Amino acid sequence: MKLLFVAAFALFVLSTFDKADSSAYDKIVAHSRIRARKEGPNVCALQQVMGTKKKYFSTCRNWYQGAICGKKATVLYECCPGYMKMEGMRGCPAVAPIDHVYGTLGLVKATSTQKYSDISKLRPEIEGSGSYTFFAPSNEAWELLDETVRSALVSNVNIELYNALHYHMTNKRLLTKDLRNGLTVTSMYNDLGLYINHYSNGVVTVNCARIIHGNQVATNGVVHVIDRVISAVGNTIQDVIEVDDDLTTLSDVAQNSGFLEKLGQPGHYTLFAPTNEAFESLGSDVLERLQSDKEVLKALLNFHLLDSVQCSEAIMAGTSYETLEGNNIEIGCDGESLTVNGIKMVLKKDIVTTNGVIHLIDQVLMPDSAKQVMELVGSSQSTFGDMVSELGLSAAMSPEAEYTLLAPLNAAFNDEVMAMDQRLLKIILESHILKNKIVLGQLYNGQRLETIGGKFLRVFIYRTAVCIENSCLIRGSKEGSNGALHLMRTLLKPAEKTMFDLLTENGGFKIFLSLMEAAGLTDLLKQEGDFTLFAPSDKAFAVLDDRELAFLKSDINVLRTILLYHINNGIFIGGGLEAGVTNLLKSLQGSNLKVMFANNTVLVDSVKVPESDIMATNGVIHFIDTLLYPGDLPVGTMDLVMLLKRLISHIEIKYISGFRFQEIPLTFMKRIITRVIQEVPEETKVTRVIQGEPTITKVTRVFDGLPSITKVTRVIEGEPSITKVTRVIEGEPSITKVTRVIEGEPSITKVTRVIEGEPSITKVTRVVSGPQYSVSTGTTNLDLQGEELIIIISYYAVFPCGE
C-alpha cells in the first residue's frame, strides 16, 4: 500500500513538472488520472452534474466539495483521451487507433458532426491530406441548437452547413497546449476568427464553447469535441450594444459618458450589460443623479466591465474578479445560471464578439464610488442606517456636502442602547458622522475629526489597527461619491472629562486618588496630555488599614515609583493592541508594562483588566483590581516587602537590603498657579500661570494720598510659599511704601492683570523722603486651606536715634 502511495505521488509530481509547456487542461486531465488510479490504467475520474449530461475534469476544489456550480456531482470513470477498453481487462489498456479526421469523429462519438460532414460534402476534405484542427460539436450540442437554425443549415447543406462546419476548423493542427488564453485562430470560413480562452481551472473554450474531449489525434490533424455549435463572429461589443433593442438605455448612457467608444476598441473584455428594465428599476431620481455626474457615470459603467473574457462554461464556482472601476465583483454559478455577487441576474449569456463577451443582466451593478454616502451602509450596519434615518440625521445631510460615516456593527446596538432616550441616542449617533469625507488613507495619529454635532474625535494609529476614540476600524471601509464609510466594532464614546474627574465621579478609586495627592501627582490626572492609566480600584487596597496606608505614603519616592508605574505616556486602547502578543509600554516610572490583548480581554503584567477603554480628554483609563509593581525593581526594607506582598501576588517582590528608591524627575508635569485679586470699590482679577519650579518676585508699590482699604484675595494652586511684607509709613501727607519679598533666587515673571468691568485710571507717584521717616514691619500668615488667601499684617514703630 505504501509503495502504491509513493508511486502515485511520484506520478503526480512528474505529471505536474513533466513539460514546461504543459497546459492547465493537460494538468487537470493528469490529476483526474491519479484520482482514478484504483480503476486501472489510463482511467480518468470525471464529475457529472446530477440531472444533466455535463461532465468535467474537475479541479481539487470541486472534487472535494463534491459539487459543480453549487449542484451535487457524481463521479464517473472513463477512459482518458486517446485510450480505450479491452474486453476482460481492467482499465483502459489499449491505445485508440489513429484515423483521419472523419473517422476520428466517429471514434469520439461526434456522430452528428460526422453525418453533417458527409452530407455537406466536407467528408472528402477531412479524409484527405492536410493538417486540420476540428472543433467538433457533440451530438448533444446539435440537439441544443435552435431548431429553426438547425433546419436552415440542413436545408442548405452545400452552402450554409458546409460554411458552418468550415468555421469550426482551422488549417493547422493545434493541441490544447497550443490553445493559449486570448489566442485568435483563423478559421477556414472567410478567415474569420476563432476566439480561444484557456483558464487556470483547465477549461478551454472556443467562442465560449467548452472542449469536453480534447487532443484526439488523427492522421491529418486533431479533433476537439465541444459542447455547443458556434457561429461566426464579426461584431464588437459596441456594435452589439448599438443595435440591441434591449440595450438602448445602456447605449445612451455609454455614449454620454464617452464609454461607448472604448467598447469598440480591440481587447479582451467581459461586459455585464444591464437591460433597459434594469435601468428603469433604479428610479428616475437615481438615474438623473448618475447622469448629472460624468465621472460617477463612468465609474458605474466601468464596474460592469472586466479586462478579461469570462465565458459561462469556465465558471465552476464563485470567483472574484477586478473590474475596470477598481473594485471586485464575484462571478459564480447556480446550476445553469450565472450569478453576480451571489445574485441570479444573468438573462442571456455568452454573446461572443471580436473583443470579448457580453452577458445580459436584469440589475444595474452599483459600485461604491457611484453611491451617495448613506447608500454605502451595508447589511452588517443596517441598524445604524435605520437609526440615522429614523432620528432625522440622514434627512439633514445635504446631498451637495461630504460626510464620513463611522458605522458600528449591528451587535453594538444592544437592548441597553435601544432603550435609551431618543434625544440622547441622537447625540450619540451625531458623533458617528463626520463633517468631511475622510478615506482610510487620510487618517493619521493625533488627528482630530469634527462631527456634525460639533465634537472632536481623536485618531490613534497602531501597528495593526486604526482606532477612533474607544473603537477600532474593521475591514470594509468604502468610498462613495460624496462621502466615505468606516466599519466600527463598537459605539464611539467621545471623551468629555479628565481622568481625575472620571475617577472622582466613579467613587471606587478614593484610595488611589489619595495616594496621588500624597505623592503630589494629582495635577497629572488633570492636565492636558495623552496618557494611559491602569487605575487600581479601592479593591486593590482592601487588605490595608489606615496605619499601613500612612506607611505607604510616608516615603514619597516609593509612592511615586509605584504610582507612576501605572501610567504610560501615550493612549493605548484594547482594540489597538496587537492580539496574542506582548506589547511593551514604557511607564512614566521607566520600566515596561507588559500588555496583552487576547479573547477580547486586556491583560497588564498578567493582571486581568475588568473594564477597559474609558476615554478621558487627557487619555484613557483601564480599571484594575490589583496594584502593579515593576518586577525588575527591588525593595530595600522588609516592612515594605511585607506590605507589597499583601497587595501583589502576580509577581515575586525582590528584596535587597538597603536599596533606596531614587527621586523621579517630574518632567511630564505641567504646574499651574492661579492668583485672583479683588479690590474695593473696583474688582480686579489677576491670573498668573507659572510652569515649572516656583519663582521669586519682588514687588514695590507706593501709594500717594490717603490710605485706601483694599481687600486682596489670592487663590494659589500648588505648594504654599512664604511672603515677607514690609511697610514704610512717613508723616503728613501720608506716604505708604509696601515691599513684598518672596524668598529664593530672583527670576523674571510676567504678570497679567485681567480687570473686570469698565477700565480705571491709577496714578502712581514716587516720593523721595527727607530724614524724618517711620518704618513699620510685619509678618504675613498664609492660610492655604480655603479658596482665599488672607494677608494679616501686624506693625511696630521704629524711630531714628535720639527720638
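**Exercise 1.** Why is strand β22 (residues 403-408) largely enclosed by the rest of the structure?

**Solution.** Start with the ground rules: this is a predicted model, where local features need pLDDT of at least 70, side-chain atom pairs count only at pLDDT 80 or more, and totals for chains, interfaces and linings use all residues. Residues are numbered from 1 along each chain as its sequence is written, and side-chain values use heavy atoms, with hydrogens and water left out.

Strands are DSSP runs (E, at least two residues), numbered from the N terminus. Buried means under 20% relative accessible area, with a 1.4 Å probe and protein chains only. Six of the six residues of β22 are buried, so the strand is largely enclosed.

Next, look at the directions. Tyr403, Leu405 and Ala407 point one way from β22, while Thr404, Leu406 and Pro408 point the other way.

**Exercise 2.** Which residue in β28 is the bridge partner of Thr404?

**Solution.** Two strands pair if DSSP finds at least two bridges between them. First, find the parallel neighbour: six bridges join β22 to β28 (residues 483-488). There, Thr404 is partnered by Ala484.

Then turn to β23 (residues 433-434), which pairs with β22 in the antiparallel sense over two bridges. In β23, the bridge partner of Thr404 is Leu434.

Definitions and conventions
Buried < 20%, exposed > 50% of the residue type's maximum accessible area, 1.4 Å probe, protein only. Helix = DSSP H or I, 4+ residues; strand = E, 2+ residues; numbered from the N terminus.
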